[in-house]
Amino acid sequence: DKGGWSSFMAKEVSEEPEAVANTIRGRVRDGQIVVPELDGLDELFTSITRIIVVACGTAAYAGLVGKYAIEQWARVPVDVELAHEFRYRDPVIGPDTLVVSISQSGETMDTLMAVKYARERGAKTLSICNTQGATIPRESDAIVYTHAGPEVAVASTKAFVAQITALYLFGLHLGRVRGSLPETEAAEHVRELEAIPTKIQQILDREQSRIDQFAHWMADTRSVLFLGRHVGYPIALEGALKLKELAYIHAEGFAAGELKHGPIALIEPGQPVFVIVPSPRESAELHKKVVSNIQEIRARGARVIVIAEEGDAAVLPFADEVLRIPLAGPLFEPLLAVVPLHIFAMGLSTAKGLDVDQPRNLAKSVTVE
Ligand code: F6R
């Protein structure tokens with residue numbers, strides 16, 4: 001039931017605030033993270049020397065976002081691997097490795113095979129999954145469910161923000177258990193996380209119709225580029241994937257720092273480029289670098305669409321469009337910056353008269369390798 005929405009995807013994007021809130025619910029006590037599902041695993045969590053995240057598609061991009069937070073809070077190295085690449089290259093894993101799988105459906109064959117492979121090699125496995133009782137969580141040593149609710153549209157949206165939320169809960173838990181994250185700092189991050197649903201709702205309320213309109217103007221666009229840095233980089237990848245899937249447009253996401261190593265050659269007059277701009281308050285140095293990237297592409301004629309925090313005036317002289325997100329700590333921006341990109345991909349697909357919920361050639365769960 002679409003509940004009055006034009007598509008399941010429109011409904012599911014509108015549920016992004018709830019998906020985050022429901023994933024946090026019951027897992028915070030007195031301002032600290034308490035994940036009952038992880039009780040009894042302290043010894044494992046203090047003994048691991050590395051984490052490998054295995055996932056596919058959008059779930060892998062959630063993993064890339066999680067890497068920044070987990071490494072910062074828990075001081076344990078995190079690698080993110082596409083599940084189908086992981087399994088076929090004789091990875092170096094053992095009892096000191098925790099393999100974290102991320103899957104909305106819990107049935108993705110590539111991810112399932114990676115989990116089984118990791119277990120056979122003696123690694124412990126944790127499943128972050130949205131579907132209760134699915135195969136991947138059943139095959140794992142521990143489970144943290146995301147509570148995004150059923151996702152029907154083929155393209156993953158609310159599950160993505162719920163996956164990042166679950167990874168952050170896990171990262172905060174791990175930081176506490178390993179003694180690497182001071183309690184006051186953890187409490188601050190918990191408050192940040194709890195404020196995210198309201199902030200996502202603000203983006204939906206304030207920017208949705210403008211982004212839709214602007215997606216309609218861009219209906220003839222044949223290629224769109226996305227640039228981001230730090231946690232904005234996986235969001236650039238996610239923005240590009242959604243556009244490929246939903247609007248059948250060539251789209252590519254880059255780490256902004258890579259521009260001068262090649263991709264800048266693609267910039268010609270009129271080329272639309274989305275740029276995810278880090279906060280000038282929280283990450284002054286990165287902000288400056290991204291603004292200079294914007295100047296470089298603008299000088300070559302790019303049509304620049306900026307996603308920037310409210311009040312960031314430095315981007316104004318160089319942007320053709322500015323989409324605003326509320327203020328948040330640096331690690332929390334991806335949960336906000338992705339929302340305009342989901343709305344945009346959906347808007348462009350609709351503007352082209354395509355089926356938003358059932359893009360061609362794709363299935364909701366990929367149960368073959
Ligand atoms: C993108 C998308 C896919 C899935 C991927 C993994 O919008 O839907 O890239 O994210 O197939 O699926 P799950 O999370 O079910 O393992």
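The ligand is surrounded by 14 residues, the closest of which are Ser103, Gln104, Ser105, Thr108 and Glu245; a residue is counted here if one of its heavy atoms lies within 4 Å of the molecule. The model is predicted, so that local features need pLDDT of at least 70 and side-chain atom pairs count only at pLDDT 80 or more, while totals for chains, interfaces and linings use all residues. Residues are numbered from 1 along each chain as its sequence is written, and side-chain values use heavy atoms, with hydrogens and water left out.

A polar side-chain atom of threonine 108 lies 2.5 Å from a ligand oxygen atom. For glutamate 245, a side-chain N or O atom is 2.6 Å from an oxygen atom of the ligand, and for lysine 242 the distance from a polar side-chain atom to a ligand oxygen atom is 2.8 Å.

Helix H8 (residues 158-177) packs against helix H4 (residues 57-74), and their axes come within 9 Å and cross at roughly 25°. Helices are DSSP runs (H or I, at least four residues) numbered from the N terminus; axes are lines fitted to C-alpha atoms over the stretch in contact, with angles from 0 to 180 degrees between N-to-C directions. H4 and H8 are therefore roughly parallel (angles under 35 degrees; over 145 counts as roughly antiparallel). Contacts, meaning heavy atoms within 4.5 Å, involve residues of H4 including Thr58, Tyr61, Val65, Ile70 and Trp73, and residues of H8 including Phe160, Ile164, Leu167 and Phe170. The contact of H4 with H8 comprises 15 nonpolar, 6 polar and no charged residues; Ala, Val, Leu, Ile, Met, Phe, Trp, Tyr, Cys and Pro count as nonpolar, Asp, Glu, Lys and Arg as charged, and the others, Gly among them, as polar.

Helix H2 (residues 16-24) also packs against H8, with axes that come within 8 Å and cross at roughly 30°. H2 and H8 are therefore roughly parallel to each other. Glu16, Ala19, Val20, Thr23 and Ile24 of H2 meet Lys158, Val161, Ala162, Thr165, Ala166 and Leu169 of H8. The contact of H2 with H8 divides into 7 nonpolar, 2 polar and 2 charged residues.

Helix H12 (residues 333-351) packs with H8 at an angle of about 170°, the axes being 10 Å apart. H8 is therefore roughly antiparallel to H12. Phe160, Val161, Ile164, Thr165 and Tyr168 in H8 contact Pro334, Leu335, Val338 and His342 in H12. This contact has 7 nonpolar, 2 polar and no charged residues.

Key
Helix = DSSP H or I, 4+ residues; strand = E, 2+ residues; numbered from the N terminus. Parallel < 35°, antiparallel > 145°, perpendicular 65-115°, else oblique. Polar contact = N/O pair within 3.5 Å; in protein donor to acceptor, adjacent residues only side chain to side chain.
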